[in-house]
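This briefing walks through one protein chain for a reader who is new to structures. Please keep the sequence and the 3D view side by side while reading.

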Amino acid sequence: MLRVVVLGAAAGGGVPQWNCGCPVCLAARTEHPELQSTQASIAVSADGAHWFLVNASPDLRQQLTATPQLHPKAGALRHSPISGVILTNSEVDAVAGLLSMREGSPFTIYAHERVLAILRTNSIFNVLNEKNVKRQGNEVDMTFEPALPDGAPSGIEILPFEVPGKGAWTAANTSISLPPARG
Ligand SMILES: [Zn+2]
């Protein structure tokens, strides 16, 4: 059975956004704290023990603290039930939370090669030592199954597909080549 935990559902910036004075953000700061929301991300699991994040938002640390399924198991000094992070794009809203996942716990990042290339070219992501944090590329329109830490199949099949929209602004001025046209 696929389990999904919604970690956050707000757009980039969250609610309230730090520099926003719109009526919703204003209310979220004052009489309606229930309107507060962290930035969009989900966690998925097929076995309830091993979890995969879909994107790592800048709010990830707060989201992990608020989600018991993602806490270290009882009695373990160092442990995380997070087996991997699946990145759908390289926008700040999708990758900044990776920086909160340093400290040496092993997991795998799954993403398109263009996204992995952006992580490689931004040296701040070197805090995720590739000895512990493996990178695995995936292809558009090709199903893949992320693995558990022992290499066993996770029971989760993922089919990446393209959606319309503009590219990440962080990639606007880089020389990363586009994948060959399909068809
Ligand atoms: Zn606002």
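Ser 80 is found in the loop between H2 and E4, where helices (H or I, at least four residues) and strands (E, at least two) are DSSP runs, numbered from the N terminus. The model is a predicted one, in which local features need pLDDT of at least 70 and side-chain atom pairs count only at pLDDT 80 or more, while totals for chains, interfaces and linings use all residues. Residues are numbered from 1 along each chain as its sequence is written, and side-chain values use heavy atoms, with hydrogens and water left out.

- Along the chain Ser 80 and Arg 114 are 34 residues apart, and their C-alpha atoms are separated by 27 Å.
- The second largest pocket is lined by 19 residues, and Leu 64, Pro 72, His 79, Ser 80 and Ser 100 are those that lie nearest its centre.
- A pocket here is found on a 1 Å grid over the protein atoms alone, as an open set of points where a 1.4 Å probe fits, with protein on both sides within 12 Å along at least five of seven lines, and lining residues have an atom within 4 Å of a point.
- H2 gives the largest share of the lining of this second largest pocket, namely three residues.
- The space in the second largest pocket is about 530 Å³, a volume being the space filled by probe spheres set on the grid points, which are joined across faces, edges and corners.

**The zinc site and its cysteines**

- The zinc ion has as its protein donors Cys 20 (SG), Cys 22 (SG) and Cys 25 (SG), which lie 2.2 to 2.3 Å from it.
- Donors are N, O and S atoms within 2.8 Å of the metal (3.2 Å for Na, K and Ca), and sites may look incomplete because water is not among the atoms.
- The spacing of these donor residues in sequence is C-x1-C-x2-C.
- Cys 25 counts as buried because its relative accessibility is 5%, whereas Cys 20, at 22%, counts as partly exposed, and Cys 22, at 29%, also counts as partly exposed.
- If a disulfide is taken as a pair of cysteine sulfur atoms within 2.5 Å, the count comes to zero disulfides.

**The nonpolar cores**

- The largest nonpolar core has 25 residues, and those with the most contacts inside it are Leu 53, Leu 87, Leu 98 and Ile 109; such a core is a set of buried Ala, Val, Leu, Ile, Met, Phe, Trp, Tyr and Cys residues joined through side-chain atoms within 4.5 Å.
- Among the elements that give two or more residues to this core are strand E1 (3-8), helix H2 (60-65), strand E5 (107-112) and helix H4 (113-121).
- Apart from this core lies another, of eight residues, including Phe 52, Phe 144, Ile 156 and Ile 158.
- In H4, the buried residues are Val 115, Leu 116, Ala 117, Ile 118 and Leu 119, and the buried residues of this helix pack against H3, E5 and strand E6 (133-138), where contact means heavy atoms within 4.5 Å.

**Backbone details**

- A cis peptide bond, with omega about -5 degrees, joins Val 15 and Pro 16, and Pro 16 is found in the loop between E1 and helix H1 (23-29).
- Most residues other than glycine have a negative phi, and most peptide bonds are trans.
- Glu 103, in the loop between H3 and E5, has a positive phi near 95 degrees, and Glu 103 is exposed, with a relative accessible area of 64%.
- Asp 141, in the segment after E6, has a positive phi near 65 degrees, and Asp 141 is partly exposed, with a relative accessible area of 41%.

Technical notes
Buried means under 20% relative accessible area, exposed over 50%, partly exposed in between (1.4 Å probe, protein chains only).
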